Amino acid sequence: MKPPPFRYHDPKTVGEAVGLLASLENAKLLAGGQSLMPMLNMRFVLPDHIVDLNRVEGLSYIRDTQGALDIGAMTRQRDLEFSEAVRARWPIMHEALLQVGHRQTRNRGTIGGSLCHLDPAAELVSLATGYDATVTVAGPTGQREVAFAEFPVAYMTPAIEANELVVGVRFPQWAAKHGYAFVEFSRRHGDFAITSAAVLLEGDAAGKITRASVAIGGMGTVPRRAREVEQAIVGQVPAGTLFRDACESCRKLEAIDDVHAPASYRQHLAAVLSRRALEKAHARLLEAHAGGPH
Amino acid sequence: MKETRKIAVTVNGKRYEEEVEVRVTLADFIRHQLGLTGTHLGCEHGVCGACTILFDDRSARSCLMLAVQADGHDILTVEGIAPSPDKLHPLQQAFHEHHGLQCGFCTPGILTTLIEFLRDNPDPSEQEVRIAISGNLCRCTGYQNIVVATLDAAKRLRAEPTQSQVNAAQRS
């Protein structure tokens, strides 16, 4: 349970980090270390070089600008959890972060690290899917932007090259009066979700849904949107069994079997959790329109 | 291929300048190189919480950090919690009185976790305490007396004048 030998690099700028990635073979980027360090300790990864991003300047920030939240890749999960802007305008992120690991891991864990590790059960990965976040990637020829829908290319594999690194992520803002809910099932508080549902809703004062995002985590090899659910509820005023019926389609989503749960159980959870999240989000939407807290 | 670096780190108020192998975790550095064996290692992959320390006043799992990353930073371990060798911190005193530990293996990590928690949340509910220690595994107590001790410690700390209040009283 000790890391294997490696060469250690601690660049001070993004340019230096990109330069190192271009010149080194078999290098791994170290962000908050809450996933890579266990993998090193257990020797699941054997890098020849560790490029530590913790001393790179200018990668830790939370900016509430032009209807979007710009977050530096090395921003700690804890700083997002305690951000007033996040609480006020991206409240689902606050709700989700409270379920990301524990205080001790959120103090170190970063948003960029979480998105690049790309565990399909990770709360922040689900949120980025639900928000259609945009990832900014720096490489030898400058920066490029990747829509989050294009970001996962395979199980735990982001669409970034070996000589690139994620420097920031942008979460668009939803209407000031919107409904939201992040609901997950895990064995113990702070564990990765076995399955999770992240819901965002916009609507009018009468309760009619005009826009919906439903992201399901922990199901497949990559996080996904439940498009059938979204299509079934937009334009509707929820009544009767609308949510229950719409969420039945989640039972058809691709799901993995593993030691925690069989695929059929995850599909069942997806249907139940997405319904619960929709009900909670819709109640909050109505509350926001009634002028209450949201 | 044994790469080393020279680091300067403050642990429990004392400054150390040490040569470290770059692959050594902060936990192993604290235990083996500094000889501060109060920080315990259970799982060594970030699950049990026994190795929790305060890194620049924030709790962190020292098995998930490299010693070289601590260069220039400030660390508090369980050895640095008590105000003096013959006086326990109110949190430690409450654990002692309420039987908040049996074997004591998890205790250093739980104490450091709770130091940060009670600083941020001086008047927590029982549920909040349970969530705060959800990242620390204890196999002896069933957590019951840990929670009781923490709630009592919170009460004691609220009653105790803080250093800033003492300073203000001395000035007036």
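The exercises below, each with a worked solution, concern a predicted model of a complex containing chains A and B.

**Exercise 1. Confidence**

Task: State what confidence the predictor assigns to the complex and to chain B.

Solution. Begin with the complex as a whole: the predictor gives an ipTM of 0.93 and a pTM of 0.94. Then turn to the residue level, where the pLDDT of chain B averages 94. In chain B, 92% of the residues score at least 70. A caution applies to the remainder: coordinates predicted with low pLDDT should not be read in detail.

**Exercise 2. Overall form of chain A**

Task: Determine how the radius of gyration of chain A relates to that of a compact globule, and describe the fold in outline.

Solution. Take the chain length first. For 294 residues, a compact globule would have a radius of gyration near 19 Å; the value for chain A is 19 Å, so the two agree. Next, consider the extent along the principal axes: the C-alpha atoms fill a box of roughly 60 × 45 × 35 Å. The secondary structure of chain A consists of 11 helices and 14 strands. As for burial, 49% of the 294 residues of chain A count as buried. Finally, examine contacts in chain A with a separation of 6 or more: 62% of these join residues 24 or more positions apart.

The domain assignment divides chain A into domain 1 (7-47), domain 2 (62-172) and domain 3 (178-288). Between the C-alpha centres of domain 1 and domain 3 of chain A the distance is 36 Å.

**Exercise 3. The contact between chains A and B**

Task: Describe how many residues each chain brings to the contact and the make-up of the side of chain A.

Solution. Count both sides: 25 residues of chain A are in contact with 26 residues of chain B. On the side of chain A, the elements giving two or more residues are β1 (7-9), α2 (36-41) and α6 (103-106). Sorted by class, this side of chain A has nine nonpolar, 11 polar and five charged residues.

**Exercise 4. The domains of chain B**

Task: Work out how the two assigned domains of chain B are placed and what forms their contact.

Solution. The assignment gives domain 1 (4-80) and domain 2 (90-159) of chain B. Their C-alpha centres lie 22 Å apart. The contact takes 15 residues from domain 1 of chain B and 12 from domain 2 of chain B. On the side of domain 1, β3 (52-55) and β4 (58-61) of chain B each supply at least two residues; β3(B) has the largest share, three residues. By class, this side of domain 1 has seven nonpolar, seven polar and one charged residues.

Key. Residues numbered from 1 in each chain as written. Chains lettered and ligands numbered in written order. Predicted model: local features only at pLDDT ≥ 70, side-chain atom pairs only at ≥ 80, totals over all residues. Helix = DSSP H or I, 4+ residues; strand = E, 2+ residues; numbered from the N terminus. Rg over C-alpha atoms; globule rule 2.2 N^0.38 Å. Buried ≥ 20, exposed ≤ 12 C-beta atoms within 10 Å, placed from the backbone. Contact = placed C-beta atoms within 7 Å. Nonpolar A, V, L, I, M, F, W, Y, C, P; charged D, E, K, R; others polar. Domains from an automatic or database assignment. pLDDT = per-residue confidence, 0-100.
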